[in-house]
Amino acid sequence: MAVSAPDLEAFLLATPFFGGLPEPGLDLLMSMLVERSFDAGATVVAEGEPGRSMFIVKSGRLAVSKRANAGSVIPISVLERGDFFGEMTLIEMQNRSATVVAEVPTVLYELTAQNLYACYKADIHSYVIVLQNINRELCRRLRRADERFARRAAGNDN
């Protein structure tokens, strides 16, 4: 279903993905979002599958995991209201890097690569802001991963 909630604008501006967007760009992107609902236990995206869209969490809780070489599942993170995921496939056009499963009933906003490209064609300024926001979030995630890696390495050295 298309998104048209009156408080959607305030919610989106509070998320890292939409922060700093001018009103016309925000309106354009809001018109492109599609609301998707998932039951608890539903797989939203699976590691290795093709992906051409990203998601912003409206409500719920999702678990992100990766498969190890031995087939075991390694928990990576938990996503909640305001978080976003799937953006990597929009940037690098590769298959999904992780599996995301709804832990509770969850509502997401989906933005496709095709719509993001339409944003680029219609409003290059807003498109650049969105890419900067994605890059900032990816940098934050990389820093957190670096910290976890360093803590784990230090623990193994003792």
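Biologist: Which residues in α2 meet which residues in α4?

Modeller: With the caution that this is a predicted model, L28, L29 and M32 are the residues in α2 that meet N115, A118, C119 and A122 in α4. The axes of α2 (residues 23-32) and α4 come within 10 Å and cross at roughly 155 degrees.

Biologist: What makes α2 roughly antiparallel to α4?

Modeller: The axes cross at roughly 155 degrees, and angles over 145 count as roughly antiparallel, so α2 is roughly antiparallel to α4.

Biologist: How do you know that the buried residues of α4 line one face of the helix?

Modeller: In α4, which covers residues 113-122, A113, L116 and C119 are buried. Seen down the axis of α4, its buried residues fall within an arc of 110 degrees, and therefore they line one face of the helix. On the other side of α4, the exposed residues are Q114, K121 and A122.

Biologist: Why is the contact between E80 and R61 called a salt bridge?

Modeller: The closest N and O atoms of E80 and R61 are 3.1 Å apart, and the cut-off for a salt bridge is a side-chain nitrogen of Lys or Arg within 4 Å of a carboxyl oxygen of Asp or Glu, so the pair qualifies as a salt bridge. E80 lies in strand β5 (residues 73-80) and R61 in strand β4 (residues 61-67), so the pair ties together parts that are 19 residues apart in sequence.

Biologist: Why do E80 and R61 count as partly exposed?

Modeller: Relative accessibility is 39% for E80 and 32% for R61; buried means under 20% and exposed over 50%, with partly exposed in between, so both residues fall into the partly exposed class.

Biologist: How many salt bridges are found in the whole structure, and which residues meet E137 in a salt bridge?

Modeller: A search of the whole structure finds 9 salt bridges. Among them, the side chains of R140 and E137 meet at 3.0 Å, N to O, while E137 also forms a salt bridge with R144, where the closest N and O atoms are 3.9 Å apart. Salt bridges that share partners join E87, E137, R140, R141 and R144 into one network.

Biologist: Is T106 buried or exposed, and which residues is T106 in contact with?

Modeller: T106, in strand β8 (residues 106-112), has a relative accessible area of 1%, under the 20% limit, and is therefore buried. Leaving aside neighbours within four places in sequence, T106 is in contact with R36, S37, F38, S59, G60, R61 and L62. The C-alpha atoms of T106 and K58 are separated by 7.6 Å, although these residues are 48 residues apart along the chain.

Biologist: Which residues is S77 in contact with, and why does S77 count as partly exposed?

Modeller: S77 lies in strand β5 and, leaving aside neighbours within four places in sequence, is in contact with L62, A63 and V64. The relative accessibility of S77 is 31%, between the limits of 20% and 50%, so S77 counts as partly exposed.

Biologist: What is phi of M93, and where does M93 lie?

Modeller: Phi of M93 is near 55 degrees, a positive value in a residue other than glycine, and M93 lies in the loop between α3 (87-92) and β7 (99-102).

Technical notes: Residues are numbered from 1 along each chain as its sequence is written. This is a predicted model: local features need pLDDT of at least 70, side-chain atom pairs count only at pLDDT 80 or more; totals for chains, interfaces and linings use all residues. Side-chain values use heavy atoms; hydrogens and water are left out. Helices (H or I, at least four residues) and strands (E, at least two) are DSSP runs, numbered from the N terminus. Buried means under 20% relative accessible area, exposed over 50%, partly exposed in between (1.4 Å probe, protein chains only). The arc is that of the directions from the helix axis to the C-beta atoms. Axes are lines fitted to C-alpha atoms, for helices over the stretch in contact, and angles run from 0 to 180 degrees between N-to-C directions. Angles under 35 degrees count as roughly parallel, over 145 as roughly antiparallel, 65 to 115 as roughly perpendicular and the rest as oblique. Contact means heavy atoms within 4.5 Å.
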